[in-house]
Amino acid sequence: MPAYATNMRLKFPILVLILEVVTIISYALFAVYDDGKGHHDTHSQNKTEEEKPLELYPMFQDVHVMIFIGFGFLMTFLKKYGFSSVGVNLLLAAFGLQWGLLMQGLWHLEGGKIKVSIFKMINADFSTATVLISFGAVLGKTSPVQLLIMTLLEITIFSVNEHLVAKIICANDVGASMVIHAFGAYFGLAVARVLYRPNLRDGHENDGSVYHSDMFAMIGTVFLWMFWPSFNSAIAGPGLPQLMAVINTYLSLAACVLSAYAISSLVEHKGKLDMVHIQNATLAGGVAVGTCADMSIDPFGAMLIGFVAGIISTLGFKYLSPVLASKLGIQDTCGVHNLHGMPGVLGGLAGIIAVALGKAKGSAAMQAAALASSIGFALIGGFVTGLIMKLPFWGQPPDQNCFDDSLYWEVPEQEEENEGSLATAEQSKNKAEV
Amino acid sequence: MPAYATNMRLKFPILVLILEVVTIISYALFAVYDDGKGHHDTHSQNKTEEEKPLELYPMFQDVHVMIFIGFGFLMTFLKKYGFSSVGVNLLLAAFGLQWGLLMQGLWHLEGGKIKVSIFKMINADFSTATVLISFGAVLGKTSPVQLLIMTLLEITIFSVNEHLVAKIICANDVGASMVIHAFGAYFGLAVARVLYRPNLRDGHENDGSVYHSDMFAMIGTVFLWMFWPSFNSAIAGPGLPQLMAVINTYLSLAACVLSAYAISSLVEHKGKLDMVHIQNATLAGGVAVGTCADMSIDPFGAMLIGFVAGIISTLGFKYLSPVLASKLGIQDTCGVHNLHGMPGVLGGLAGIIAVALGKAKGSAAMQAAALASSIGFALIGGFVTGLIMKLPFWGQPPDQNCFDDSLYWEVPEQEEENEGSLATAEQSKNKAEV
Amino acid sequence: MPAYATNMRLKFPILVLILEVVTIISYALFAVYDDGKGHHDTHSQNKTEEEKPLELYPMFQDVHVMIFIGFGFLMTFLKKYGFSSVGVNLLLAAFGLQWGLLMQGLWHLEGGKIKVSIFKMINADFSTATVLISFGAVLGKTSPVQLLIMTLLEITIFSVNEHLVAKIICANDVGASMVIHAFGAYFGLAVARVLYRPNLRDGHENDGSVYHSDMFAMIGTVFLWMFWPSFNSAIAGPGLPQLMAVINTYLSLAACVLSAYAISSLVEHKGKLDMVHIQNATLAGGVAVGTCADMSIDPFGAMLIGFVAGIISTLGFKYLSPVLASKLGIQDTCGVHNLHGMPGVLGGLAGIIAVALGKAKGSAAMQAAALASSIGFALIGGFVTGLIMKLPFWGQPPDQNCFDDSLYWEVPEQEEENEGSLATAEQSKNKAEV
């Protein structure tokens, strides 16, 4: 089947090495350490950063764990796709953070240089989150080469929209419900639409979990859940705004767990809980409270947002995802529309309302513009990116090999395990005879 | 078998939604952000909190990891109960922290309001630990509905005892050997006694581990072990007391590992190490040093406490648990008596001695009263809670379905895994033929 | 087979208890809390530590996670050696940190006492890293008794070399490329050489991974990868040097991921990625940038170091390890030569160059002396330690039982799993009949 040239021996290493060499050269030209002097930027961390450049470091590490353990393991739920989930996640995020720091930094040059700080590292990690969300939509159906191309393009486009939202539109979005979650989800869904595979319409035997793979995925879920308060508060203003962002996210997520569990049981056969919902919908509260996180929406306001997010997300997994796949040709492997898409939009809407109610500075119209901009950039950017990814020489997997690590990874033979235990039995026998 | 109405389709969602709605309404009435102004409380963090409201945030996150990853994965050792262990742990803790913040906060209203701060969030997380300890005692033999009822009642009772111990008796218990560990263990054991299942007297085929489930459990063990210094020091006075709490816990745990390993090998057949001991008894040093953690007991004093705790705990698993089950009808699934019960009492006794020796302010009699109060509230509270949980309509599992996720969870078919590998073999063949 | 007395029932507990009792007595004689007063030492943290004794605590916890989760799970890749990997890792590190704090502290007595602080706890954790690296070289081929002896000796020797390098030679090595990574690797390789097993020349059926064990190993890899910036910066001077150490490590690791992935695909059959490379070589950037981490080598300099390290490390796994095993009789189970040995030397060389270029104080000759000292102490120390470990009464495993937990651990019967699923099938049938 010559259309599927899945051997990556040349194209993958060459692409990776070119990307890294170009990146290193760019850093040689632009990147210096932030010595805390001569900031012309206006973000509120500056004074703190000058005196205590590592003030934000613990929060950075929490975000780092979310990116590499959280996203990586969340996607390991597929029975034969764990190496790719956690391994390609590492690859994309490691490249993405370098590229993101560059793309975001170019908008904020100081004396022609990007001054690298913990604050910028957090934003670099953030930029990779968009890619990892989109990765979820196309998980199992794309090659590492395609995904690196997506990373390159998506982070570039993200940086434009993020600059527009934060500096031109001047909208509030401290926890990035709009610029990361909605953006990443709709970008990924647009890519998934372009890469539609009609032969997977009736499912694929590998597109499901086994007991242990669901357990690995829970590692991702729980780390995302725990550290989300850091994600939503890391770049908030120091002091009370940052405290509010932590508290609001903590409570939103807690309320979200209860509504997600309740709805999961309510809609499932015999009232049983469904791991897909538990792994994903319990996190929707973190997404949805993002835009409002540092606003004084009151603790119960945050809980209400989380509560609604858990309901919407679970219902989306149960009823909307099958429709998107069958009617619109959007095959969303991880259901990112339910975890990041709809809750991200909910977060944007909550932000519009909160600003309209005077809970934060800004204008409701600008909040709405930010939401529209994020979704617009995502859909158009994702569509174009999808077309580029669809070019036939990026090594995409044939339909029957989707959701299978063994196409791009050396996978230990399953037989070995059996041989192993047989051998052990023999060995024990031998030992007994000794 | 009509006695076991294990279908949760209505009772579970309704209970969960009622609990959450009541909680949100309560927060609307009582909860506000802690703006750092006008504290009338006297805890020593205040000044710090006003100036730096996120000072304690890294320690909070460590505790958070212990609650959600630590307790959750520690209980995944059972071969077919991983979804429930980590999933129900998440549910109970997410509800528990909301309820605990409320219950504890009602004792400390300021202007009729609960001022939410990181300090209060740490205490809210703490309150869930009692429930998760008790959960260990009844793991595999209770429905999510029963466990939510236990959460509601146990945290309410905990808050009364905690207030009594801290504010009326004025005892030292910074790492909560008494008010969390001993309390949670004896509460759970009392519940387990009431829920005694005679048919499980000779064990249950699912009440054991497989290789991989033991590995998942070690994730829980190691995260608990690593972050325990944060648990014991999070609410200690800033400066030297907090430093001492960290050092004492670090050294107590290290010494405990060595005694637990030594005794495990000594009592086991052929001198082999037993995973049950390693997963649990290595943590007893963290429990036992809790009460004395911020006292100047000297590094070697902390190590002695940990050393003894490791011995007692391992011996308890080996010799005492079987007796409790067969003679007293206390079926303690995770052996919480050995990890939290006896080491908690040891911690309380160490606290009495330390105070008597002048290592901290307070009186030995008050320390003893605090220990007695904690055990008393636990036994009576657990007994009453057990009776309520025993009512026949909470969906408890029939004996033969104990320790089995599939009663309350959609579980992927084991067959799929085999089909999967067969299919792969076929597929590889097909690919070869292409 | 009397030569292999693998029953540890007496020798293991007795050794462990003696070690711990001796340690506790030593702490009673020497260890006190660091009250921040009267420091005569000159390390730059002092002023900070006096005012804020827990300033470094979040970084300490990151290092702690690397030691216990990172190293522990990284070594779980073997199909039947997970209990030993994570369990013996815990044992060795728990003893090692107590012993290391003592050995390092004896060089810095203040008033005849070791003043325990977070700074000293970080260094204690560091000292265990040398042992855990060496453990990787002999993984699966040594008994817990042998490994405890190695821990005792290696940390003692490490403390001498570390004191020599830091205080006499006065070399820069903030991230310990030389004194930990190169030292630990060459120490372990020397031990492995002495313990050479000719019968394992053609491999061993248990010396390989299965799918799930590779997933567990990735937990270790990713936690090491994420928290390495803390490892390299924890003891750096506060302010800009510490910030540079974080940034340099972050970027070096990111660049290293890309080169490791590229080379893995380039050298593997059909361009597939190899989990051995991904689990290990992606970390080489953290090792190699260690010595230079707090120097102003510029962000692109750090990336170059990481980029080269990823290439060298991957090529080492592919081409050098087999040669070391077949020609030199060095059977390096985890390939620590590729992850810690060569990248550690690369780090040392980079340090020489950086100092020669004026990027930091000091002299290139002293940097070279530090590298030579570290490798020299490692090779001689490892050789002598290996000879002691080779004595025939430490319970080393016979060749056919290498890489197998069941020699030293109670392992749940594999059959149970099958019985379990059969039983479930029956049970479901029964339930259906009810």
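**How the copies are related**

Modeller: To begin with the arrangement of this predicted model, chain C is superposed on chain B by a rotation of 120 degrees with 0.0 Å of shift along its axis, at an RMSD of 0.0 Å. The two copies are thus related as by a three-fold rotation axis.

Colleague: What rotation and what shift superpose chain A on chain B?
Modeller: For chain A on chain B the rotation is again given as 120 degrees, with 0.0 Å of shift along its axis and an RMSD of 0.0 Å.

Colleague: Which residue of chain A comes closest to the rotation axis?
Modeller: In chain A that residue is A:Pro58, whose C-alpha lies 3.7 Å from the axis, and in chain C the residue that comes closest is C:Pro58, at 3.7 Å by its C-alpha.

Colleague: What makes you say that the copies meet through different surfaces?
Modeller: Only 14% of the interface residues of chain C are also interface residues in chain B, so these copies meet through different surfaces. The value for chain A set against chain B is likewise only 14%, and therefore the conclusion is that those copies, too, meet through different surfaces.

**Chain A as a whole**

Colleague: How many helices and strands does chain A have, and why is the chain called as compact as a globular protein of its length?
Modeller: Chain A contains 15 helices and 2 strands. Its radius of gyration is 22 Å, and because the globule rule gives 22 Å for 434 residues, chain A is as compact as a globular protein of that length. Along the principal axes, the C-alpha atoms of the chain fill a box of roughly 75 × 55 × 55 Å.

Colleague: What share of chain A is buried, and what share of its contacts joins residues 24 or more positions apart?
Modeller: Of the 434 residues in chain A, 68% are buried, the cut-off being under 20% relative accessible area. Among contacts with a separation of 6 or more, 83% are between residues 24 or more positions apart. The accessible surface of the chain is about 13100 Å², with 66% of that belonging to carbon and sulfur atoms.

**Individual residues**

Colleague: Why is A:Ala245 called buried?
Modeller: A:Ala245 has 0% relative accessibility, and since buried means under 20%, it counts as buried. This residue lies in helix H9, residues 240–267 of chain A, and beyond its neighbours within four places in sequence it is in contact with A:Asn232, A:Ser233, A:Ala236, A:Ala293 and A:Asp294.

Key
Residues numbered from 1 in each chain as written. Chains lettered and ligands numbered in written order. Predicted model: local features only at pLDDT ≥ 70, side-chain atom pairs only at ≥ 80, totals over all residues. Heavy atoms only, no water. Least-squares fit on C-alpha atoms with pLDDT ≥ 70 in both. Contact = heavy atoms within 4.5 Å. Helix = DSSP H or I, 4+ residues; strand = E, 2+ residues; numbered from the N terminus. Rg over C-alpha atoms; globule rule 2.2 N^0.38 Å. Buried < 20%, exposed > 50% of the residue type's maximum accessible area, 1.4 Å probe, protein only. Areas by Shrake-Rupley, 256 points an atom, 1.4 Å probe, with all protein chains shown as cover.
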